[in-house]
Amino acid sequence: MAATDQKSKKNISGLLIESLGIERVVANLLEFEIRTDAISWHRFFGALNIVFLVLLFLSGSVMAFYYSPIPGTAYDSVDFALFNLPFGGIIKGVHHYSWNILLVMMGLHLMRGFVAGAYKPPRQLVWISGVIILTVVPMFIITGDLLPWDQKGYWSTRVRLSIIHSIPFIGDFTVRFIQGGPLTGIVALTRFYVLHTLFLPGLLLLAVGVHLHLIRYRGLSEPLFGNEKTICRISFFPDFLNRWLILFLIVTIVLGLVSHYWTAPLGDPADPTDSTYIPKPEWWVLFLNQLVAIFKGPFSIMGTVVIPGGLFGLLAALPFLDRSAERDPGRRIIVMVIAAVIVSGMTGLSLMGYIEHFVSAGK
Amino acid sequence: MKKNLSMYLVGFFLFILSVSLFNVPEGIAAAKQTLTAANAKSAPAGIDDQVWSTAKGIEVPFEGKEQFAGKKASVITKAVYTGDSIFFLFQWADPTLSVTKEAWKYDGLKWSHLQGNEDRISLLFEINRINNFATKGCAVTCHVPQGAPSAKDGKFGTSSEAEKGDLWHWKAARSDPAGFADDTWLTKTDLKNSGRKNDNGKGGDKSNMTDDKAKPKYMLAPGKELAKNNILLASHAVEISNYSVFKAGDIITYRMPNMPEGSRADIKAVSRWVNGQWTVLLSRKLDTGNDDDVAFNPKKSYNFAMALFDDSGDENSYDSETISLEFSR
């Protein structure tokens, strides 16, 4: 009886696969094997990043059902979803904490890849696609910041737009293009909403898809120590996917509990006439904010474009700047020193920004 | 070449760090005050409860307007909350106890009103969002002109029906003797219609005056006692049948507090004036379930603004900026 059921199920699933014309895709999926250390104690940032991205997509989708992208009602719709909707606080909290942790995890993922020399041939494009993802994610945060239409989001956006506006030649056009005119009003909110929920997710899906395809095509970077041939392989479906789902469940439960206890912040409603409000920069832009504060007047372009752009350019061009086959960090002293200086510089500037905006300002 | 590149980069970042050391932070605007309600296991027993000595308070500055223009005042404000109620404690200096509120005085021949008003403190919360209240406070509520028909019921309200405010109004003469603060709310106002409404139920005060407005109509009923500060409660009053019992110098309350009922009785008050200082404790359910009250959710923060009246009426007050109320976990 059980065997008959199983046969009929197979027939149904087989018929479905055949009808959809995805036999080859399914066969490839079932045959696809992945290294067991793809999710392990020493390599899990990539898998964790996917967990947070999925959580962001899911929580964002639910929030979109209740969001009204109009300045007069945006704040109230977010407030309603956060405090009146069953589990609304948890959903908003998961969204809020996910992007914060995602940024940290992406930084650690990048750092691990850097130390392990994961950008070395033949994985240059894997690295570059990762850097592209790293540029897209902050755009989500920047566009998402305005959506609740609260004081912090509104004035942070105004500050960012004024920084963009200061860029010679293209600044004014870029700001007008982004916000649909000279004012940060209803058109700007609509555009930010469309960018946040349509354009950027599409771009990110594409970038992540390319990144994963390249990882499959070029393989994961070999361990720095030990023999890669001794690492076993497991099937992607269902073994690897089950591991990932366990990770997903653990993260979701932990974030749900955190969100239940520490409600995601929602500031005062935006008041465009209140020019006395000075937004405190987010932790992840403290060093950029400090750069803007350092370079003023005719040198402002250094802090707004040249240095941040140069750093991203350096990051993307790394596989072509450091072309040696050597992966042992102990034998890549120059590259490691440069990276240490850059990270120290960013950390130092962030600390100064923190002291300026959160310690000194509170006195 | 690689060594040169690394040296340039090291030098460049050291330069940025050194420049930033000399960078003077730009001025930061005065941040909005935040009152954090401490979480208490049980309700405070009164204004002397130990919880108030441990609760962290804020000193709220007030700016005088109209007759107090140019003057300043301050109120120490504290808050605690339990599983179902919230408690506010206010302390401010006031050299004079003002509870006269035009009380009647008999000079042996005729009755006349004493000069003098009462001390008050009021709080305004948002029931539904009032546009820009979070940043501008009571200044965004609409104030209608003195002579407008709607002015007699209170000269302010909101600019649309969607915007609703919850006004807590503690009055030393007209509500405190009954043990309550007057619970009212704000909605849209214009020249004809007042935006200030009473919560459902009964409350307020009752004028003690004969039809010809020449003398008091009521006196203390036999067997009853005057309330705090010798105020006659409406529920303890009886119509005067024989005015010959009064002697020169007798004083009778003009505005007799009613015992509030229903939603208007939500805010309980305890107070003390001693050594030139008012201490007022207001308490209310976090969520009364009434549409005319703000429902407090301890996970959320709320904005409120206050006004202080020193023996004054109308708009002769000291006003605070908007304050943020948060709940500690």
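This is a predicted model: local features need pLDDT of at least 70, side-chain atom pairs count only at pLDDT 80 or more; totals for chains, interfaces and linings use all residues.
Residues are numbered from 1 along each chain as its sequence is written, and chains are lettered from A and ligands numbered from 1 in the order in which they are written.

Begin by selecting chain A, whose C-alpha trace spans about 75 × 55 × 40 Å along its principal axes. Chain A holds 13 helices and two strands, where helices (H or I, at least four residues) and strands (E, at least two) are DSSP runs numbered from the N terminus. Of its 363 residues, 31% are buried, a residue being buried if 20 or more other C-beta atoms, placed from the backbone, lie within 10 Å of its own.

Next, select residues 124-146 and 151-165 of chain A, which are helices α6 and α7; their axes come within 7 Å and cross at roughly 130°. That makes α6(A) oblique to α7(A), since angles under 35 degrees count as roughly parallel, over 145 as roughly antiparallel, 65 to 115 as roughly perpendicular and the rest as oblique. The axes are lines fitted to C-alpha atoms over the stretch in contact, with angles running from 0 to 180 degrees between N-to-C directions. On the α6(A) side, A:I142, A:D145 and A:L146 meet residues of α7(A) that include A:Y154 and A:R160, contact meaning that C-beta atoms placed from the backbone lie within 7 Å.

Keep α7(A) selected and colour its buried residues, among them A:W155 and A:L161. What covers the buried residues of this helix includes α6 and α8 (171-179) of chain A.

Now turn to chain B and select B:A79, B:L282, B:M306 and B:L308, which touch the most other members of the largest nonpolar core, a set of 62 residues. Such a core consists of buried Ala, Val, Leu, Ile, Met, Phe, Trp, Tyr and Cys residues joined through C-beta atoms within 7 Å. A second, separate core of 36 residues includes A:L55 and A:W99.

Finally, select B:R129, found in the loop between β7 (120-128) and α3 (133-136) of chain B. B:R129 counts as buried because it has 20 C-beta neighbours inside 10 Å. Leaving out residues up to four places away in sequence, B:R129 touches A:D76, A:P269 and B:E163.

Note on methods. Two residues are in contact if their C-beta atoms, placed from the backbone, lie within 7 Å. A residue is buried if 20 or more other C-beta atoms lie within 10 Å of its own, exposed if 12 or fewer, and partly exposed in between; C-beta atoms are placed from the backbone.
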